Amino acid sequence: MDQRILLIEDNPDITRVVQYELEQAGYRVLTAADGITGLTAAREHAPDLVILDLGLPDFDGAEVARRLRKTSSVPIIILTAMDAVDRKVNLLEAGADDYMTKPFHPEELVARVKVQLRHQQHGEVISIGALEIHPQKRLCHFNGHEVRLSPKEFDLLTFLARQPGRVYSRQEIEREVWNGELPSNSNVVDVHMANMRAKLRDLDGYGIIRTVRGIGYALKTP
(Lines give C-alpha, C1' and ligand atoms only; values in the text may rest on other atoms or scores of the structure.)
Protein backbone atom coordinates (compact mmCIF):
# COMPACT_ATOMS: atom_id res chain seq x y z
CA MET A 1 0.00 0.00 0.00
CA ASP A 2 1.15 3.56 -0.66
CA GLN A 3 2.02 5.66 2.34
CA ARG A 4 -0.78 8.03 3.32
CA ILE A 5 -0.25 11.55 4.63
CA LEU A 6 -3.06 13.41 6.39
CA LEU A 7 -2.75 17.20 6.00
CA ILE A 8 -4.88 19.18 8.47
CA GLU A 9 -4.69 22.78 7.28
CA ASP A 10 -7.36 25.46 6.85
CA ASN A 11 -5.45 27.65 4.39
CA PRO A 12 -6.42 26.42 0.89
CA ASP A 13 -3.30 27.91 -0.73
CA ILE A 14 -0.96 26.09 1.66
CA THR A 15 -3.02 22.92 1.31
CA ARG A 16 -2.78 23.04 -2.47
CA VAL A 17 1.01 23.58 -2.52
CA VAL A 18 1.82 20.99 0.16
CA GLN A 19 -0.51 18.40 -1.37
CA TYR A 20 1.11 18.87 -4.78
CA GLU A 21 4.65 18.50 -3.41
CA LEU A 22 3.75 15.39 -1.40
CA GLU A 23 1.97 13.74 -4.33
CA GLN A 24 4.96 14.51 -6.55
CA ALA A 25 7.09 12.68 -3.98
CA GLY A 26 4.83 9.62 -4.33
CA TYR A 27 2.57 9.92 -1.28
CA ARG A 28 -1.21 9.66 -1.12
CA VAL A 29 -2.60 12.78 0.53
CA LEU A 30 -5.79 13.20 2.56
CA THR A 31 -6.81 16.73 3.53
CA ALA A 32 -8.94 18.26 6.27
CA ALA A 33 -9.68 21.94 6.94
CA ASP A 34 -10.42 21.72 10.67
CA GLY A 35 -9.62 19.66 13.74
CA ILE A 36 -12.81 17.61 13.95
CA THR A 37 -12.62 16.59 10.30
CA GLY A 38 -8.94 15.80 10.73
CA LEU A 39 -9.50 13.57 13.77
CA THR A 40 -12.28 11.76 11.94
CA ALA A 41 -10.03 11.21 8.91
CA ALA A 42 -7.22 9.93 11.15
CA ARG A 43 -9.59 7.44 12.77
CA GLU A 44 -11.08 6.21 9.50
CA HIS A 45 -7.97 6.08 7.30
CA ALA A 46 -5.07 5.39 9.71
CA PRO A 47 -2.52 7.65 7.96
CA ASP A 48 1.20 6.96 8.14
CA LEU A 49 1.93 10.58 9.09
CA VAL A 50 -0.02 13.72 10.02
CA ILE A 51 0.90 17.29 9.07
CA LEU A 52 -1.01 19.55 11.43
CA ASP A 53 -1.56 23.30 11.30
CA LEU A 54 -1.56 24.97 14.70
CA GLY A 55 -4.16 27.65 13.97
CA LEU A 56 -7.29 25.73 13.04
CA PRO A 57 -10.77 27.31 12.96
CA ASP A 58 -12.40 25.02 15.54
CA PHE A 59 -9.69 24.35 18.14
CA ASP A 60 -5.95 24.57 18.68
CA GLY A 61 -3.71 22.19 16.74
CA ALA A 62 -1.94 21.20 19.95
CA GLU A 63 -5.25 19.84 21.24
CA VAL A 64 -5.62 17.82 18.02
CA ALA A 65 -2.15 16.39 18.62
CA ARG A 66 -3.04 15.44 22.19
CA ARG A 67 -6.21 13.69 21.04
CA LEU A 68 -4.33 11.82 18.32
CA ARG A 69 -1.77 10.66 20.86
CA LYS A 70 -4.45 9.02 23.00
CA THR A 71 -5.01 6.32 20.39
CA SER A 72 -2.12 6.51 17.91
CA SER A 73 1.67 6.76 17.65
CA VAL A 74 1.47 8.22 14.13
CA PRO A 75 4.27 10.77 13.46
CA ILE A 76 2.99 14.36 13.70
CA ILE A 77 4.64 17.40 12.10
CA ILE A 78 3.23 20.73 13.30
CA LEU A 79 3.02 23.83 11.08
CA THR A 80 3.09 27.01 13.18
CA ALA A 81 3.50 30.74 12.71
CA MET A 82 4.82 31.02 16.28
CA ASP A 83 8.58 30.94 16.83
CA ALA A 84 8.76 31.17 20.63
CA VAL A 85 10.90 28.47 22.24
CA ASP A 86 8.45 27.75 25.05
CA ARG A 87 5.65 27.29 22.51
CA LYS A 88 7.72 24.79 20.55
CA VAL A 89 8.49 22.88 23.74
CA ASN A 90 4.76 22.73 24.51
CA LEU A 91 4.07 21.34 21.04
CA LEU A 92 6.60 18.55 21.52
CA GLU A 93 5.13 17.78 24.93
CA ALA A 94 1.67 17.61 23.32
CA GLY A 95 2.90 14.77 21.13
CA ALA A 96 4.42 16.41 18.05
CA ASP A 97 7.48 14.72 16.54
CA ASP A 98 8.66 17.78 14.61
CA TYR A 99 7.54 21.30 13.71
CA MET A 100 8.09 23.87 10.98
CA THR A 101 7.67 27.62 11.31
CA LYS A 102 5.70 29.45 8.63
CA PRO A 103 6.64 30.54 6.04
CA PHE A 104 8.46 27.36 5.02
CA HIS A 105 9.79 25.73 1.86
CA PRO A 106 7.58 22.80 0.76
CA GLU A 107 10.70 20.89 -0.29
CA GLU A 108 12.01 21.02 3.28
CA LEU A 109 8.66 19.79 4.59
CA VAL A 110 8.78 16.81 2.22
CA ALA A 111 12.32 16.06 3.42
CA ARG A 112 11.16 16.08 7.04
CA VAL A 113 8.24 13.82 6.15
CA LYS A 114 10.68 11.31 4.67
CA VAL A 115 12.83 11.42 7.82
CA GLN A 116 9.86 10.79 10.13
CA LEU A 117 8.55 7.93 8.00
CA ARG A 118 12.00 6.37 7.82
CA HIS A 119 12.33 6.51 11.60
CA GLN A 120 8.86 5.02 12.04
CA GLN A 121 9.37 2.19 9.59
CA HIS A 122 12.80 1.20 10.84
CA GLY A 123 11.55 -0.23 14.09
CA GLU A 124 7.77 -0.30 13.81
CA VAL A 125 6.06 -3.31 15.33
CA ILE A 126 2.28 -3.71 15.58
CA SER A 127 1.40 -5.93 18.56
CA ILE A 128 -2.15 -7.04 19.32
CA GLY A 129 -2.27 -9.83 21.85
CA ALA A 130 -0.49 -12.83 20.34
CA LEU A 131 -0.33 -11.17 16.92
CA GLU A 132 2.86 -9.32 15.94
CA ILE A 133 3.38 -7.59 12.61
CA HIS A 134 6.62 -6.06 11.32
CA PRO A 135 5.53 -3.83 8.39
CA GLN A 136 9.03 -3.00 7.14
CA LYS A 137 10.24 -6.60 7.22
CA ARG A 138 6.83 -7.81 6.03
CA LEU A 139 6.80 -10.47 8.71
CA CYS A 140 3.84 -11.69 10.75
CA HIS A 141 3.91 -13.91 13.84
CA PHE A 142 1.14 -15.39 15.95
CA ASN A 143 1.90 -17.12 19.25
CA GLY A 144 5.57 -16.88 18.30
CA HIS A 145 5.13 -18.71 14.98
CA GLU A 146 5.50 -17.12 11.57
CA VAL A 147 2.29 -16.74 9.57
CA ARG A 148 3.14 -17.13 5.89
CA LEU A 149 0.91 -14.63 4.13
CA SER A 150 0.68 -13.60 0.50
CA PRO A 151 1.56 -9.93 -0.24
CA LYS A 152 -2.10 -8.87 -0.36
CA GLU A 153 -2.97 -10.91 2.73
CA PHE A 154 -0.17 -9.15 4.57
CA ASP A 155 -1.38 -5.72 3.40
CA LEU A 156 -4.92 -6.60 4.42
CA LEU A 157 -4.01 -7.84 7.89
CA THR A 158 -1.74 -4.83 8.50
CA PHE A 159 -4.53 -2.47 7.44
CA LEU A 160 -6.94 -4.04 9.95
CA ALA A 161 -4.28 -4.15 12.67
CA ARG A 162 -3.55 -0.43 12.55
CA GLN A 163 -6.96 0.18 14.13
CA PRO A 164 -7.97 -3.03 15.93
CA GLY A 165 -11.63 -3.25 16.79
CA ARG A 166 -12.72 -0.86 14.05
CA VAL A 167 -15.11 -2.44 11.54
CA TYR A 168 -14.15 -1.83 7.91
CA SER A 169 -16.61 -2.33 5.09
CA ARG A 170 -15.62 -4.38 2.05
CA GLN A 171 -15.65 -1.16 0.03
CA GLU A 172 -13.18 0.52 2.42
CA ILE A 173 -10.90 -2.51 2.29
CA GLU A 174 -11.05 -2.65 -1.50
CA ARG A 175 -10.22 1.05 -1.71
CA GLU A 176 -7.27 0.92 0.67
CA VAL A 177 -5.72 -2.47 -0.16
CA TRP A 178 -6.62 -2.83 -3.84
CA ASN A 179 -6.75 0.91 -4.63
CA GLY A 180 -10.39 0.53 -5.68
CA GLU A 181 -9.43 -1.53 -8.71
CA LEU A 182 -11.60 -4.59 -8.06
CA PRO A 183 -14.68 -5.14 -10.24
CA SER A 184 -18.10 -4.65 -8.68
CA ASN A 185 -19.53 -7.64 -6.79
CA SER A 186 -16.04 -9.12 -6.47
CA ASN A 187 -15.50 -11.69 -3.70
CA VAL A 188 -11.72 -11.15 -3.60
CA VAL A 189 -11.84 -9.61 -0.11
CA ASP A 190 -13.83 -12.55 1.28
CA VAL A 191 -11.48 -15.06 -0.34
CA HIS A 192 -8.43 -13.38 1.18
CA MET A 193 -10.11 -13.27 4.59
CA ALA A 194 -10.89 -16.98 4.38
CA ASN A 195 -7.30 -17.77 3.39
CA MET A 196 -5.90 -15.74 6.29
CA ARG A 197 -8.27 -17.40 8.75
CA ALA A 198 -7.18 -20.82 7.56
CA LYS A 199 -3.53 -19.94 8.13
CA LEU A 200 -4.23 -18.43 11.55
CA ARG A 201 -6.44 -21.38 12.53
CA ASP A 202 -3.43 -23.67 12.38
CA LEU A 203 -1.90 -21.48 15.12
CA ASP A 204 -5.10 -21.24 17.20
CA GLY A 205 -5.77 -17.76 15.87
CA TYR A 206 -8.85 -18.32 13.72
CA GLY A 207 -11.10 -16.06 15.82
CA ILE A 208 -8.84 -12.99 15.67
CA ILE A 209 -10.68 -11.79 12.54
CA ARG A 210 -14.29 -10.87 13.23
CA THR A 211 -17.03 -10.80 10.58
CA VAL A 212 -19.75 -8.22 11.12
CA ARG A 213 -22.68 -9.47 9.08
CA GLY A 214 -23.81 -7.02 6.42
CA ILE A 215 -20.97 -4.59 7.15
CA GLY A 216 -17.46 -6.02 6.88
CA TYR A 217 -14.52 -7.14 8.99
CA ALA A 218 -12.54 -6.14 12.08
CA LEU A 219 -9.52 -7.38 13.97
CA LYS A 220 -10.47 -8.41 17.50
CA THR A 221 -8.78 -6.65 20.39
CA PRO A 222 -7.33 -8.77 23.21
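1. In this predicted model, Ile128 has Leu131 of strand E7 as its bridge partner, and that pair belongs to the antiparallel pairing of E6 with E7 (residues 131-134), which is made by three bridges. The two strands form a hairpin with two residues between them, and Gly129 in the turn has a positive phi of about 60°.

2. Strand E7 also pairs with strand E8 (residues 139-142), again in the antiparallel sense and over four bridges, and within that pairing Ile133 has Cys140 in E8 as its bridge partner. The hairpin of E7 and E8 has four residues between the strands, and here Arg138 takes a positive phi near 55°.

3. Two further backbone details deserve a look when the loops are inspected. The peptide bond from Lys102 to Pro103 is cis, with omega near -5°, and Pro103 is placed in the loop between strand E5 (98-101) and H5.

4. Which strands make up the open sheet of three, and in what order do they stand? The order is E10-E12-E11, with antiparallel pairing. Strand E10 (168-169) and strand E11 (209-212) are at the edges and have a single partner strand each, so one side of each is left without a neighbour in the sheet.

5. Taking the pairings of this sheet in turn, E10 is joined to strand E12 (residues 216-219) by two bridges, the two running antiparallel, and Tyr168 stands opposite Tyr217 in E12. E11 and E12 are paired in the antiparallel sense over four bridges, with Arg210 opposite Ala218 in E12. The hairpin of E11 and E12 has three residues between the strands, and Gly214 takes a positive phi near 80° there.

6. Helix H6 (residues 151-161) lies across E10 and E12 and runs at about 70° to E12, whereas helix H8 (residues 188-201) lies across E11 and E12 and runs at about 145° to E11.

7. At what angle do H7 and H8 pack, and how far apart are their axes? Helix H7 (residues 170-177) packs with H8 at an angle of about 85°, the axes being 10 Å apart, which makes H7 roughly perpendicular to H8. The contact brings Arg170, Ile173 and Glu174 in H7 to Val189, Asp190 and Met193 in H8, and by class its residues are three nonpolar, no polar and three charged.

8. The largest pocket holds about 660 Å³ of space and is lined by 23 residues, with Thr71, Ser72, Ser73, Val74 and Arg162 nearest its centre. Helix H2 (35-45), helix H3 (61-71), helix H5 (106-123) and strand E6 (126-128) are the elements that each give two or more residues to this lining. Sorted by class, the lining has eleven nonpolar, seven polar and five charged residues.

Key: Residues numbered from 1 in each chain as written. Predicted model: local features only at pLDDT ≥ 70, side-chain atom pairs only at ≥ 80, totals over all residues. Heavy atoms only, no water. 1 Å grid on protein atoms, 1.4 Å probe; cavity = no way out; pocket = protein on both sides within 12 Å on 5 of 7 lines; lining within 4 Å. Points joined across faces, edges and corners; volume = space filled by probe spheres on them. Nonpolar A, V, L, I, M, F, W, Y, C, P; charged D, E, K, R; others polar. Pairing = 2+ DSSP bridges. Contact = heavy atoms within 4.5 Å. Axes fitted to C-alpha atoms, helices over the stretch in contact; angles between N-to-C directions. Parallel < 35°, antiparallel > 145°, perpendicular 65-115°, else oblique.
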